Amino acid sequence: MLKIVVIFLGLLLVLSMIGSLATKFLAPKRPEVPKAQIKAKCGNCGRTVIGTAPCVCGKG
């Protein structure tokens with residue numbers, strides 16, 4: 001009984017590895033976003049601002 005369970009779990013592991021490899025190579029690549037669009041510096045205090053969110057200082 002224990003052998004059957006171990007073989008079943010091993011087969012599931014192999015199938016999951018095959019599935020992850022298939023999705024890795026077949027999935028479309030995401031477009032790369034330039035770093036300038038991701039992070040910016042506040043003109044007033046110099047802190048990093050992410051996206052279009054306002055700075056925490058309230059002035060930038």
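**Reading a predicted chain**

Guide: At 52% relative accessibility, Ile-18 counts as exposed (exposed is over 50% relative accessible area, buried under 20%, partly exposed in between, with a 1.4 Å probe and protein chains only). This is a predicted model, in which local features need pLDDT of at least 70, side-chain atom pairs count only at pLDDT 80 or more, and totals for chains, interfaces and linings use all residues. Residues are numbered from 1 along each chain as its sequence is written, and side-chain values use heavy atoms, with hydrogens and water left out.

Visitor: What is the mean pLDDT of the chain?

Guide: pLDDT is the predictor's confidence in each residue, from 0 to 100. The chain has a mean of 82, and 88% of its residues reach 70 or more. Where pLDDT is low, the predicted coordinates should not be read in detail.

Visitor: In what order do the elements of the chain run from the N terminus?

Guide: Helices (H or I, at least four residues) and strands (E, at least two) are DSSP runs, numbered from the N terminus. The chain has 2 helices and 2 strands, in the order α-α-β-β.

Visitor: How many residues of H1 are buried?

Guide: The count is 0 among the 25 residues, so H1 is hardly covered. In the chain of 60 residues, 5% count as buried.

Visitor: Which residues form a nonpolar patch on the surface?

Guide: A patch joins residues with over 30% relative accessible area and no salt bridge; nonpolar side chains (Val, Leu, Ile, Met, Phe, Trp, Tyr) are joined within 5 Å, like charges within 9 Å. A salt bridge is a side-chain nitrogen of Lys or Arg within 4 Å of a carboxyl oxygen of Asp or Glu. Here the patch consists of Val-5, Phe-8, Leu-9, Leu-12, Val-14, Leu-15 and Ile-18, with about 660 Å² of accessible area together (areas by the Shrake-Rupley method, 1.4 Å probe; for residues, only the protein chains shown count as cover). Ile-18 lies in helix H1.

Visitor: How many disulfides are in the whole structure?

Guide: A disulfide is a covalent bond between the sulfur atoms of two cysteines. The cut-off is a pair of cysteine sulfur atoms within 2.5 Å, and a search of the whole structure finds 0. The sulfur of Cys-55 has its closest cysteine sulfur in Cys-45, at 3.5 Å, too far for a bond. Cys-57 is also in no disulfide, and its nearest cysteine sulfur, that of Cys-55, is 3.6 Å away. Cys-55 is buried, at 9% relative accessible area, while Cys-57 is partly exposed, at 29%.

Visitor: Where is the place of Gly-43?

Guide: Gly-43 sits in the loop between strand E1 (39-41) and strand E2 (48-50), and is exposed, with a relative accessible area of 80%. Its C-alpha atom is 8.5 Å from that of Lys-59, 16 residues apart along the chain.
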